[in-house]
Amino acid sequence: MLLIQNGYIIDPQSGREGYYDILIDGEKIVQIGTGLTGSHADCEVIDAKGMLVAPGLVDVHVHFREPGFTHKEDISTGAAAAAKGGFTTVVLMANTKPAVDNAETLEYVITRGRETDIHVTTCANVTMGMQGKELTPMRELAAQGAVGFTDDGIPILDGEMVRQAMLQAVELDMPISFHEEDARLIGNNGINKGKASEHFGIEGSPREAEISLVERDLELAIETGACINVQHISSKEAVDLVRQAKRKSAKVHAEATPHHFTLTEEAAIQYGTLAKMNPPLREEADRQAIIAGLVDGTIDIIATDHAPHTAEEKAKPITEAPSGITGLETALSLGITKLVQEGHLTIKQLLEKMSTNPARMYHLDAGYLAEGGPADLIVVDTQATFIPREYASKATNTPFTGWELTGEVVKTICAGKVVYQK
């Protein structure tokens, strides 16, 4: 048994907030109350005085690179990075090698996930080989344990293929997530077409590449009734399109990454390839629009798009280096530093977007604190400052190394066990 005493509890799902104790037996929370004591001799007591106790975070957009790219990350090291960042549940993207477009690869990923200390779930692909030409056996993959569908990393350009995929997702009552960038409009990916592209002397990636596909897929979602997630939104126009679509369908969701609500294309100029990602960092007006979308609920999910690469890969020239940054170990602190401390969101609203909402969209039993519910929670020192320098991830491709951030995970508890402690 495990007893967490004296912590300040925030549970966005129930609205519970205040000083409570939490008693855990096995993998479940058995009691939430005041003045609880450990009556069993084997009960471990954690004093959370002065700390926030919240649901374990849920990240529905991570790349753990296994199978196929384990020199960058693997499911074990990715899970360790997640636990350090306060995430007890993650949803893997399916752009592995081989891709998760078949039952055998799906079973491999699920099995490897079960070997970790956290809950590792995975999407399956929408199209075979992420080629955009033939749908995967979505019903079979759902029955085998996929929690959603995405070709994240390669946008689907065939609108009719997207419509058919959405119709199948509706039948299965499962979410389908979209990487919204039309490669036909992009000269060089990962760098915004504007000041940053001019700095590097390249064509860059225009905002129209995102806007066009977001507009198409929102229309299809409203038409089909599909539950969709617009991934890693980056432009003010796309935020407004989602805002309008949400008035017509409650099944439209959008996610923002910490790097998109924190940085602009100026960071690409400053940090080079460490700030190269798809879609790229854009202008200050776009960053402010993303924050406004988080505030008014247009963007209801914060996800990291944790995308590890080796130092050797990121050392290549700007047009050759891969896009993506790591994010699991700095996400919560960036949310506290840039959204809560600056007065945009309350800590409860931040937690809702990082736990309750993503879990709800993916139909996961996670992201809340309740008697009889999963014993997945975090203890956070919301006032502590720290400087990220060492990582549990294999990769260090992030511009946030050396930043002073506020809010540090002290303990991560998953299925009733302490899986990370500072």
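**Figure 1. Helix α12 and its buried residues.** In helix α12, the residues Ala331, Leu332, Ser333, Leu334, Gly335, Ile336, Thr337, Lys338 and Leu339 are buried. The model shown here is predicted. Helix α12 spans residues 331–340. The helix is mostly covered, with 9 of its 10 residues buried. An α-helix has 3.6 residues a turn, so residues three or four places apart point the same way.

Figure 2. Lys338 belongs to helix α12. Is Lys338 buried or exposed? Lys338 is buried, because its relative accessible area is 17% and the cut-off for buried is under 20%. Which residues does Lys338 touch, leaving aside those up to four places away in sequence? They are Phe261, Thr262 and His344. Lys338 and Pro258 are 80 residues apart in sequence. Their C-alpha atoms are 8.8 Å apart in space.

**Figure 3. His253 in strand β12.** Strand β12 covers residues 252–256 and includes His253. The relative accessible area of His253 is 14%, so this histidine is buried. What does His253 touch, not counting residues up to four places away in sequence? The list is Cys227, Ile228, Asn229, Val230, Lys246, Asp300, Ile301 and Met361. Pro399 gives a distance across the chain. His253 and Pro399 are 146 residues apart along the chain. Their C-alpha atoms are separated by 27 Å.

Figure 4. How many disulfides does the structure hold? The number is 0. Cys227 is in no disulfide. The nearest cysteine sulfur to Cys227 is that of Cys123, 11 Å away. A disulfide needs two cysteine sulfur atoms within 2.5 Å. Cys227 is buried, at 16% relative accessible area. Cys227 is also one of the residues that His253 touches. Cys414 is in no disulfide either. For Cys414, the nearest cysteine sulfur is again that of Cys123, at 19 Å. Cys414 has a relative accessible area of 2% and is buried.

**Figure 5. The loop between β6 and α1.** Arg65 is found in the loop. Arg65 has a positive phi of about 65°, although this residue is not a glycine. Is Arg65 buried or exposed? Its relative accessibility is 10%, so Arg65 counts as buried. Which residue does a cis peptide bond join to Pro67? That residue is Glu66, and omega is about 10°.

**Figure 6. The cis bond at Pro98.** The peptide bond from Lys97 to Pro98 is cis. Omega for this bond is near 5°. Where does Pro98 lie? Pro98 lies in the loop between strand β7 (87–92) and helix α2 (103–114).

**Figure 7. His232 in the loop between β11 and α7.** Strand β11 covers residues 228–230, and helix α7 covers 236–246. His232 is found in the loop between them. Phi of His232 is near 30°. That is a positive value in a residue other than glycine. The relative accessibility of His232 is 1%, so this residue counts as buried.

**Figure 8. The whole chain, for placing the close-ups.** The secondary structure comes to 13 helices and 16 strands. Buried residues make up 63% of the chain. Among contacts between residues at least 6 apart in sequence, 74% join residues at least 24 apart. The chain exposes about 15,700 Å². Carbon and sulfur atoms supply 47% of that area. The chain has 37 positive and 60 negative charges.

Notes:
Residues are numbered from 1 along each chain as its sequence is written. This is a predicted model: local features need pLDDT of at least 70, side-chain atom pairs count only at pLDDT 80 or more; totals for chains, interfaces and linings use all residues. Side-chain values use heavy atoms; hydrogens and water are left out. Helices (H or I, at least four residues) and strands (E, at least two) are DSSP runs, numbered from the N terminus. Buried means under 20% relative accessible area, exposed over 50%, partly exposed in between (1.4 Å probe, protein chains only). Contact means heavy atoms within 4.5 Å. Accessible areas come from the Shrake-Rupley method with a 1.4 Å probe; for residues, only the protein chains shown count as cover. Lys and Arg count as positive and Asp and Glu as negative; His and the chain ends are not counted. The place of a charge is taken as NZ of Lys, CZ of Arg, CG of Asp or CD of Glu.
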